[in-house]
Amino acid sequence: MEKNYFDLTGRVAIVTGCSSGLGVQMAKALASQGCNIVAVARRQNLIEEVAAEIEKTFNVKAIGVPCDITDTNKVNEAIDTVLEKFGRIDILINNAGTGSGATSAEDMEDSQFEGEVAIDLTGSFKMARAVAKKAMIPAGYGRIINIASMYGLVGNNIAPAAAYHAAKGGVVNLTRALAAEWGNKGITVNAICPGYFETPLTKETLDSEFFQQYAKTMIPMERYGKEGELDSAAIFLSSPASTYVNGVILPVDGGYTCM
């Protein structure tokens, strides 16, 4: 008898940063396996468009819930809204983040560093805390996938971004801490560390001739990630098949961090 190890029919996933880019791609990947989707971002018009497209394309339920993940009250309200609608939350993909631009560490303002950490690290914690406390711990089941970065594993000397490195490095070890703390409650917590993928935030930089040459030198596959190349990692870590996978930090970077 054929078994679909990655069947997500009837599951409910929250995907933050789901107004464009990688968040939308991962939401569609989960929906392709039958998962109901909650698209979370600040811009309500965009997440409603995303939800409508997902419903039409994949024949699942999808809603958009606006939320500023740096605001604890807004996070709790958003989780309550999802539970009122679906009665469960099985999966959280903590994808919301920011790229505050390349600034040398010595010239970086406090506000830039603190803003990066507030969104990428603290916001991810606030979402995980609320989902675990309100839904996953009571249910005895959950899948949390934090989207960190290969820059959370290594430094770089080509595009100075100490705040981003620090925040994403924090996400990496937050993942391990939550995996250790919640592993006996039926919740797995893992992280994906994407390499260079073209998104609205990165397109201008990656399109430059300088960066294309850099990629050929530093990435063993000599190219950027393509649309859809995060899908399988997101589906695997979201699925019931990954029952014993916990605290894993998975680079999807064409080999950048292996050198």
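At what angle do helix α3 (residues 72-86) and α4 pack, and how far apart are their axes? In this predicted model, the angle is about 40 degrees and the axes lie 10 Å apart.

## Where α3 meets α4

Let's stay with this pair for a moment. Angles under 35 degrees count as roughly parallel and those from 65 to 115 as roughly perpendicular, so α3 and α4 are oblique to each other. The crossing in which α3 passes α4 is right-handed.

On the α3 side, the contact is made by T72, V75, N76, I79, D80 and L83. Facing them in α4 are K126, M127, R129, A130, V131, K134 and A135. Sorted by class, the contact of α3 with α4 has 7 nonpolar, 2 polar and 4 charged residues.

## α1 and its contact with α2

Next comes α1, which packs with helix α2 (residues 44-58) at an angle of about 30 degrees. The axes of α1 and α2 are 10 Å apart. Because angles under 35 degrees count as roughly parallel, α1 and α2 fall into that class. Here too the handedness can be read off: α1 passes α2 in a right-handed crossing.

The contact of α1 with α2 holds 6 nonpolar and 2 charged residues, with no polar ones.

## α1 and its contact with α8

α1 also meets helix α8 (residues 231-238), with the two axes crossing at roughly 55 degrees and coming within 9 Å. That angle makes α1 oblique to α8. The crossing of α1 past α8 is right-handed.

From α1, the residues involved are Q25, M26, A29 and L30, while α8 brings D231, A234, I235 and S238. Of the residues in the contact of α1 with α8, 5 are nonpolar, 2 polar and 1 charged.

## The largest pocket

Now for the open space. The largest pocket contains about 1,400 Å³, and 46 residues line it. Nearest its centre you will find T98, G99, T199, L201 and T202.

Which elements give two or more residues to the lining of the largest pocket? They are α1 (21-31), β2 (36-41), α4 (110-139), α5 (162-182) and α6 (203-207). Two names from the helix contacts return here: α1, which packs with α2, and α4, which packs with α3, both contribute to this lining.

Conventions: Residues numbered from 1 in each chain as written. Predicted model: local features only at pLDDT ≥ 70, side-chain atom pairs only at ≥ 80, totals over all residues. Heavy atoms only, no water. 1 Å grid on protein atoms, 1.4 Å probe; cavity = no way out; pocket = protein on both sides within 12 Å on 5 of 7 lines; lining within 4 Å. Points joined across faces, edges and corners; volume = space filled by probe spheres on them. Helix = DSSP H or I, 4+ residues; strand = E, 2+ residues; numbered from the N terminus. Axes fitted to C-alpha atoms, helices over the stretch in contact; angles between N-to-C directions. Parallel < 35°, antiparallel > 145°, perpendicular 65-115°, else oblique. Left-handed = near helix turned anticlockwise from the far one by under 90°. Nonpolar A, V, L, I, M, F, W, Y, C, P; charged D, E, K, R; others polar. Contact = heavy atoms within 4.5 Å.
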